[in-house]
Amino acid sequence: MPIYITRGRFTSNAIKGMLAKPEDREEAVAKLFKNAGGKLIGWYLTFGHHDWMAIGEFPDEKAAATAILAAAAGGSLSDIETTVAMTAKEAASTFKSAGKAAKRTPASVIRLASKSSAVSARLPSMATDPV
């Protein structure tokens with residue numbers, strides 16, 4: 001099953017509540033993941049931009065989104081980000097497939113796509129950069 005890594009922050013009210021009544025949330029997260037069709041691999045308190053990280057296996061994006069949205073609905077989480085992770089074996093297979101696709105694609109198309117990506121990476125984001 002695909003692996004999903006989800007990170008996020010606690011709201012200030014959530015932190016106040018956890019300080020007043022500390023508890024191990026891993027069992028609750030595991031139950032939520034199971035109810036959504038997945039399996040919790042691990043739940044971690046983290047330092048830095050994110051306060052927590054959960055790693056889980058889900059059969060597909062819909063199941064992963066179900067668990068994440070259900071967790072977010074409680075109102076104690078914010079700035080949630082989810083990333084699909086690949087094992088080293090899956091990554092090697094993906095690079096092999098990409099290499100084959102690149103060989104079948106004319107070099108001019110690859111160069112054009114590369115230049116287009118470089119240009120768009122330098123363009124300001126409409127959501128974050130004032131015009």
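Okay, let's start with Glu 23: at 46% relative accessibility, Glu 23 counts as partly exposed, where buried means under 20% relative accessible area, exposed over 50%, and partly exposed in between, using a 1.4 Å probe and protein chains only. Its partner is Arg 25, and the two side chains meet in a salt bridge at 3.4 Å, N to O. By salt bridge I mean a side-chain nitrogen of Lys or Arg within 4 Å of a carboxyl oxygen of Asp or Glu. Arg 25 is partly exposed too, with a relative accessible area of 35%.

Before I go on, a word on what we're looking at. This is a predicted model, so local features need pLDDT of at least 70 and side-chain atom pairs count only at pLDDT 80 or more, while totals for chains, interfaces and linings use all residues. Residues are numbered from 1 along each chain as its sequence is written, and side-chain values use heavy atoms, with hydrogens and water left out.

Another of them pairs Glu 81 with Arg 7, at 3.6 Å from N to O. That pair links distant parts of the chain, with Glu 81 in strand β4 (residues 77-85) and Arg 7 in strand β1, 74 residues apart. Strands here are DSSP runs of E, at least two residues, and helices are runs of H or I, at least four, numbered from the N terminus. Glu 81 is partly exposed, at 36%.

Then there's Arg 9 with Asp 79, where the closest N and O atoms are 3.9 Å apart. Again distant parts of the chain are linked: Arg 9 sits in β1 and Asp 79 in β4, 70 residues apart. Arg 9 is at 33% relative accessibility, and Asp 79 is at 44%.

Now, Asp 51, in the loop between β2 (39-45) and β3 (52-57). Asp 51 is buried yet has no salt bridge. Which side chain of opposite charge is nearest to Asp 51? That's Arg 9, 4.3 Å away; Lys and Arg count as positive, Asp and Glu as negative, and His and the chain ends are not counted. What Asp 51 does have is a side-chain polar atom 2.7 Å from the backbone nitrogen of Phe 10. Leaving aside neighbours within four places in sequence, its contacts (heavy atoms within 4.5 Å) include Gly 8, Tyr 44 and Thr 46.

Last stop, Met 1, in the segment before β1 (3-10). Met 1 counts as exposed, at 54%.

Conventions:
Polar contact = N/O pair within 3.5 Å; in protein donor to acceptor, adjacent residues only side chain to side chain.
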